[in-house]
Amino acid sequence: MVSGILSCSFALSSSKKFINHLEAAISSGMFFYFIMAFLAAASAMILLYLCKKRSALKNIYRPSNVNAFYGLKAAVIFGCLVFFILGFLSCFRLQINQQSRTIELLSDMKKKDNESILVAEGRICSHVNSFKGGCGFFFKTEKVKTKNINKKSEKIFIINDVLYVIAEMGQGKNFKRDDFLEFSFIPVCSKDNKYLLTGRDNISRLDKTVVKSGIIENTEYLVFKLRQRFYICISKVFYKSLKYEHAAFCEAVILGNKNNLPESIKENFKNSGIYHLLAISGLHISFFIYISSSFILILGRLCRNHVGKKIKSSFVMLAIIIAVVLLYNFITGTSASTVRATFMAIMIIYAGHFCRDYSRKYILSACFICMLVFMPSFFNDIGFWFSFASMFAIIYTNSIYDATLGVLKARLNKRRIVPEDSTAAKKSYFYEIALSTTSVNIFIFPLLVYYFGDFTAIVLPVNIAAVPLFYIIMFILIISSVLGLLWPPAGIASAKMAKYFIDMLLKLSSLWKKLDFVIINVEYFKVWHIMIYYVVLAAILIFLYFVFLKKENKT
């Protein structure tokens, strides 16, 4: 017994030492050389094996042979795997050193020269989160000035880093995203929190003549101010036409800002299993694509009928749709789910325009790699992992569950339990919603429990009822947003039509209060539980694939 306990404690201590050594190796950069050497050795072994198989090499390089495609496919997959491993390790290194050292340097600077005042200049790059006693926001700090009043000296340091700022309550004005500010601050650097502390009285807005000098910098100021005006114009349409709760809901759904949404609504959506409706995702992008393409088709018919000239609607449609989607990304901000949905939508649109086949699996994989390569900070974003996990479940597991249900239904039909005509019936819209909701929740279940500590048992019926209702709300809000940019009174009038549907959705999200027993709390859910869950799920999916899906494909 004692020896067993000692061996377990030794294993735990050795594993902790291994993790510490691994983190030290990765942070020092030595681990990357080891991985690159391993990949180079593996590539050499594969090439030697292929050299021995001359017939395989001939098949790979022979254009007329079908194996040429598979050889090229293997080369691309292997190359992507190499870059993915290097990107993953880079992100892991970023996670280890995720806390920026800028605040530490500013804190040391303040300690060395206590008489000097630190002044930051830059732009608010996130929505302002108000709380009791102040507000907080992320600040794109361009430069920091150190002013010494006694010595009458001033030094300027170029920072170009995103820092978190907490502004205490005061008599200052309210601030919004994309405001250019200047304020004095005190760097707060502790083990758990690193931020710049200031007060509202110390913050002042900057003019474009003061902020920038030069054509490029001046253009940056004008672009972000234009985005701010777009945002304010659309949000005013909601707040002038609807009551506060409904307007805050519309702001969260269309503009991606959930800071003004009451906590009670957030809790209702989370406990009902429809919190994903508040995140900007592929649903929003598909709506914008549909509305843009419909508008272009109508415009093309008008030009052909009245002007007598036929425009090339396919090329114009492609250009305008991509421009509209990118503009929407720019207005809402580059959240993980928005970027993922935009990337996939653009790839699918391009493939359709050039009449090329495409695979959603390859597009999802390419999107995953590109997002981590170009924006490694997404590695620490929980929305990134939930977005890709949900899409992975829909793309990879929907077909397996659908085939399993189809085979079971056919077997029941043979026993005359189900009518014969039912198998020939087309799959309904609600069936697709139920299938996607089930597959997604099965796949992300351990992540939900690990991060939030509970899950709801009514997620399936609530989603089946809420998603069609949400489609109607989305359609009205997108139309009112576009009209609000062109003519605000028309946007306000059209947004009022959404209040009845929003009220129905909010009432639906609060049903869990009458059935509070459906909220199941799970304590002590660890990482190794997640690993066991996914190993078991993978085994079940593999079994279902070979038993049901492969048989269905053969038939």
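This is a predicted model: local features need pLDDT of at least 70, side-chain atom pairs count only at pLDDT 80 or more; totals for chains, interfaces and linings use all residues.
User: What share of the residues count as buried?

Analyst: Of the 555 residues in the protein chain, 38% are buried. Buried means under 20% relative accessible area, exposed means over 50%, and partly exposed lies in between (1.4 Å probe, protein chains only).

User: How many helices and strands are there?

Analyst: The protein chain has 20 helices and 9 strands. These are DSSP runs, numbered from the N terminus: helices are H or I with at least four residues, strands are E with at least two.

User: And contacts? What share comes from residues 24 or more positions apart?

Analyst: Among contacts with a separation of 6 or more, 70% join residues 24 or more positions apart. Contact means heavy atoms within 4.5 Å.

User: Which residues make the nonpolar surface patch?

Analyst: I382, Y450, Y451, F452, V527, W528, M531, I532, V536 and I540 make a patch of about 970 Å². Patches take residues with over 30% relative accessible area and no salt bridge; like charges are joined within 9 Å, and nonpolar side chains (Val, Leu, Ile, Met, Phe, Trp, Tyr) within 5 Å.

User: Which helix gives the most to it?

Analyst: That is α20, with 6 residues. Both α16 and α20 (527-554) supply at least two residues each. Y450 sits in helix α16. Y450 is partly exposed, at 37% relative accessible area.

User: Stay on α16. Is T437 buried or exposed?

Analyst: T437 is buried, at 10% relative accessibility. T437 lies in α16, which covers residues 429-452. A polar atom of the T437 side chain lies 2.7 Å from the backbone oxygen of I433. Setting aside residues up to four places away in sequence, T437 touches V459, L460 and N463.

User: Switching to salt bridges. How many are there?

Analyst: The count is 11. A salt bridge is a side-chain nitrogen of Lys or Arg within 4 Å of a carboxyl oxygen of Asp or Glu. Side chains of opposite charge can pair when their charged atoms come close.

User: Which residue does K143 meet in a salt bridge?

Analyst: K143 meets E121, at 3.7 Å from N to O. K143 is in strand β3 (residues 134-148) and E121 in strand β1 (residues 117-124), so the pair ties together parts that are 22 residues apart in sequence. K143 is partly exposed, at 25%, while E121 is buried, at 8%.

User: What about R227? Which residue is its salt-bridge partner?

Analyst: R227 pairs with D178, with the closest N and O atoms 2.8 Å apart. This pair links distant parts of the chain, 49 residues apart. R227 is in helix α7 (residues 215-241), and D178 is in the loop between β4 (153-168) and β5 (180-189). R227 and D178 are both buried.

User: Where do K507 and D503 sit?

Analyst: They are 4 residues apart in helix α19 (residues 499-509), so about one helical turn separates them. K507 and D503 form a salt bridge too, with the closest N and O atoms 3.5 Å apart. K507 is exposed, at 55% relative accessibility. D503 is partly exposed, at 26%.

User: Now aromatics. How many aromatic pairs does the structure hold?

Analyst: The structure holds 20. Rings of Phe, Tyr and Trp (its six-membered ring) pair if their centres lie within 6.5 Å; planes under 30 degrees apart count as stacked, over 60 as edge-to-face and the rest as tilted.

User: Why is the pair F183 and F185 edge-to-face?

Analyst: Their planes are at 70 degrees, so the pair is edge-to-face, with ring centres 6.3 Å apart. F183 is buried, at 1% relative accessibility. F185 is buried as well, at 5%.

User: How far apart are the ring centres of F378 and F384?

Analyst: The centres are 6.0 Å apart and the planes are at 5 degrees, so the pair is stacked. F378 and F384 are both buried.

User: Which residues do ring pairs link into a cluster?

Analyst: F392, Y396, F443, F445, Y533 and Y534.

Technical notes: Residues are numbered from 1 along each chain as its sequence is written. Side-chain values use heavy atoms; hydrogens and water are left out. A polar contact is a pair of N or O atoms within 3.5 Å; within protein, one must be able to donate a hydrogen and the other to accept it, and residues adjacent in sequence count only if both atoms are side-chain atoms. Accessible areas come from the Shrake-Rupley method with a 1.4 Å probe; for residues, only the protein chains shown count as cover.
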